[in-house]
Amino acid sequence: MNIFDSMKSVLVIAGLGLLPPVAVQAQQAQQAQQAPQAKQAQQPSSAAALHDGQHDFDFEIGVWKTHLKRLVHPLSGSTTWVELNGTTVVRKVWNGRANLAELETDAASGHLEVLSLRLYDPQSRQWSLNTANITSGTLSVPTIGEFRDGRGEFFDQESFNGRTILVRNVWSDITADSCRFEQSFSDDGGKTWEVNWIAIDTRVK
């Protein structure tokens with residue numbers, strides 16, 4: 001029985017002459033004191049549920065060997081992939097509340113350099129992932145998201161080949177010495193996703 005049901009029961013009993021009005025007032029006053037106390041007791045658990053994610057990317061600080069698979073023509077029906085090997089160097093910025101990653105690879109298909117700037121927003125408790133490659137020199141639309149239970153998911157909406165699509169970045173399989181990154185595109189509002197970029201990182205010791 002909740003507080004309001006209890007109060008109604010007390011008033012009915014008082015109306016039948018079974019409980020003096022003074023007792024009704026005393027019980028109401030006691031219940032009024034208990035309600036804010038119960039609310040305060042619930043607040044710490046709610047606050048504890050909020051995750052401070054400013055160090056969620058600490059696992060990636062360091063030097064990594066990167067094995068990269070890239071779908072050459074995303075959202076075209078093509079299944080042609082190229083594979084590259086390179087090195088990723090990740091540096092901590094702002095004591096972990098940001099970091100800068102530099103990927104460099106060489107393959108028969110050419111030289112590739114990608115820069116990634118990850119920034120933590122303490123108000124939203126989310127990260128924005130911003131990337132650029134050496135051929136364009138401009139930052140992409142940031143993907144926004146967070147880590148939960150050891151998995152990071154980040155999303156944005158942008159234009160690709162003249163169409164508006166959704167982009168999803170996923171960090172998974174995270175250990176002290178390895179991790180996996182995937183990028184996927186969706187041109188049907190997120191009903192289906194096509195993976196077009198897979199990077200497996202192994203820490204250089």
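Student: Where does Asp149 lie in this model?
Tutor: Asp149 lies in the loop between β6 and β7. Keep in mind that the model is predicted.

Student: Why is Asp149 called exposed?
Tutor: Exposed means a relative accessible area over 50%. Asp149 has 84%, so it is exposed.

Student: What makes the phi of Asp149 worth a remark?
Tutor: Its phi is near 55°, a positive value in a residue other than glycine. Most residues other than glycine have a negative phi.

Student: Which hairpin holds Asp149, and how many residues stand between its strands?
Tutor: The hairpin of β6 and β7, with two residues between the strands.

Student: How do you know that β6 and β7 pair?
Tutor: Pairing needs at least two bridges between the strands. β6 and β7 have five, so they pair, and the sense is antiparallel. Within this pairing, Arg148 stands opposite Arg151 in β7.

Student: Why is Thr143 called buried?
Tutor: Buried means under 20% relative accessible area. Thr143 has 3%, so it counts as buried.

Student: What does Thr143 touch, leaving out residues up to four places away in sequence?
Tutor: Its contacts are Trp127, Ser128, Leu129, Phe154, Phe155, Asp156, Val167 and Asn169.

Student: What makes the approach of the Thr143 and Asn169 side chains a polar contact?
Tutor: A polar contact needs a pair of N or O atoms within 3.5 Å, one able to donate a hydrogen and the other to accept it. The side chains of Thr143 and Asn169 make such a contact at 3.1 Å.

Student: Which residue is the bridge partner of Asp156 in β8?
Tutor: Val167 is the partner of Asp156. Both Asp156 and Val167 are also among the residues that Thr143 touches.

Student: How do you know that β7 and β8 pair?
Tutor: The requirement is at least two bridges. β7 and β8 have nine, so they pair, again in the antiparallel sense.

Student: Where does Asn161 lie?
Tutor: Asn161 lies in the loop between β7 (151-160) and β8 (163-172). That hairpin has two residues between the strands, and Asn161 takes a positive phi near 55°.

Student: How many residues separate Asn161 and Leu75 along the chain?
Tutor: They are 86 residues apart along the chain. Their C-alpha atoms are separated by 9.4 Å.

Student: Why is Leu75 called partly exposed?
Tutor: Partly exposed lies between under 20% for buried and over 50% for exposed. Leu75 has 27%, so it counts as partly exposed. Leu75 is found in the loop between β1 and β2. Its phi is positive, about 55°, although it is not a glycine.

Student: How do you know that β1 and β2 pair?
Tutor: At least two bridges are required. Strand β1 (residues 62-71) and strand β2 (residues 81-93) have 10, so they pair, in the antiparallel sense.

Student: What joins β2 to β3?
Tutor: Nine bridges do, and the strands run antiparallel. Lys92 has Asn99 in β3 as its bridge partner. The hairpin of β2 and β3 has four residues between the strands, and Trp94 takes a positive phi near 55° there.

Student: What is the volume of the largest pocket?
Tutor: About 1100 Å³. Of the 43 residues that line it, the closest to its centre are Val114, Thr131, Asn133, Gln183 and Trp197.

Student: Which element gives the largest share of that lining?
Tutor: β4 does, with six residues.

Student: How many helices and strands does the protein have?
Tutor: Two helices and 10 strands. Along the sequence, the pattern is α-α-β-β-β-β-β-β-β-β-β-β.

Student: What share of the protein is buried?
Tutor: Buried residues make up 29% of the 205 residues.

Methods: Residues are numbered from 1 along each chain as its sequence is written. This is a predicted model: local features need pLDDT of at least 70, side-chain atom pairs count only at pLDDT 80 or more; totals for chains, interfaces and linings use all residues. Side-chain values use heavy atoms; hydrogens and water are left out. Buried means under 20% relative accessible area, exposed over 50%, partly exposed in between (1.4 Å probe, protein chains only). Contact means heavy atoms within 4.5 Å. On a 1 Å grid over the protein atoms alone, a cavity is a set of points where a 1.4 Å probe fits but cannot get out, and a pocket is an open set with protein on both sides within 12 Å along at least five of seven lines; lining residues have an atom within 4 Å of a point. Grid points are joined across faces, edges and corners, and a volume is the space filled by probe spheres set on the points.
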